[in-house]
Amino acid sequence: MNSFAPSGLSIDAVMQILNVTKSYVYKLIKNDELEVVNQKPILIDPESLVVKLRKLYPFIVDRCFTSLDYHIKSVARLS
């Protein structure tokens, strides 16, 4: 049996990374600022989170992009 498990960030993981509430994460999804890769359970595309962080903190993210990208993708694999 070969089942495909989508890789993405849980709502709780996104809340922790952005330090925001659950309702704000849903607002970001509704406003197409975060991309959903799976509906049940809802999983967020790690790339869309990196894009959001780049918009919020451009100078910080550019200086540590590689480690930030790696960390977010590793959290997505654990979710």
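Reader: Why is Glu-33 called partly exposed?
Author: Glu-33 has a relative accessibility of 31%, and the class runs between the cut-offs for buried (under 20%) and exposed (over 50%), with a 1.4 Å probe and protein chains only. So Glu-33 counts as partly exposed. Bear in mind that this is a predicted model, where local features need pLDDT of at least 70, side-chain atom pairs count only at pLDDT 80 or more, and totals for chains, interfaces and linings use all residues. Residues are numbered from 1 along each chain as its sequence is written, and side-chain values use heavy atoms, with hydrogens and water left out.

Reader: What makes Glu-33 and Lys-52 a salt bridge?
Author: Their side chains come to 2.6 Å, N to O. The criterion is a side-chain nitrogen of Lys or Arg within 4 Å of a carboxyl oxygen of Asp or Glu, so the pair qualifies. Glu-33 sits in the loop between H2 and strand E1 (36-38) and Lys-52 in helix H3, so the bridge ties together parts 19 residues apart in sequence. Helices here are DSSP runs of H or I with at least four residues, strands are E runs with at least two, and both are numbered from the N terminus.

Reader: How do you know whether Lys-52 is buried or exposed?
Author: Its relative accessible area is 8%, so Lys-52 falls in the buried class. Lys-52 belongs to helix H3 (residues 46-56). Leaving aside residues up to four places away in sequence, Lys-52 touches Tyr-24, Leu-28, Glu-33 and Leu-34, where contact means heavy atoms within 4.5 Å.

Reader: How many salt bridges turn up in the whole structure, and which residues are linked in a network?
Author: The search finds four, and the network links Glu-47, Asp-69 and Lys-73. Lys-73 pairs with Glu-47, their closest N and O atoms being 2.6 Å apart. Lys-73 is in helix H5 (residues 65-78) and Glu-47 in helix H3, so this bridge joins parts 26 residues apart in sequence. Lys-73 also pairs with Asp-69, with closest N and O atoms 3.3 Å apart. Those two are four residues apart in helix H5, which means about one helical turn between them.

Reader: Why is Pro-46 given its class, and what does Pro-46 touch?
Author: Pro-46 comes out at 9% relative accessibility, so it counts as buried. Pro-46 is placed in helix H3, and beyond residues up to four places away in sequence it touches Gly-8, Leu-9, Ile-72, Lys-73 and Ala-76.

Reader: How are H1 and H2 oriented to each other, and why is it called that?
Author: H1 (residues 11-18) and H2 (residues 22-30) pack at about 100°, with axes 9 Å apart. The axes are lines fitted to C-alpha atoms, for helices over the stretch in contact, and angles run from 0 to 180 degrees between N-to-C directions. Under 35 degrees is roughly parallel, over 145 roughly antiparallel, 65 to 115 roughly perpendicular, and the rest oblique. H1 and H2 are therefore roughly perpendicular.

Reader: Which residues meet there?
Author: Ile-11, Asp-12, Val-14, Met-15 and Leu-18 in H1 meet Lys-22, Val-25, Tyr-26, Leu-28 and Ile-29 in H2.
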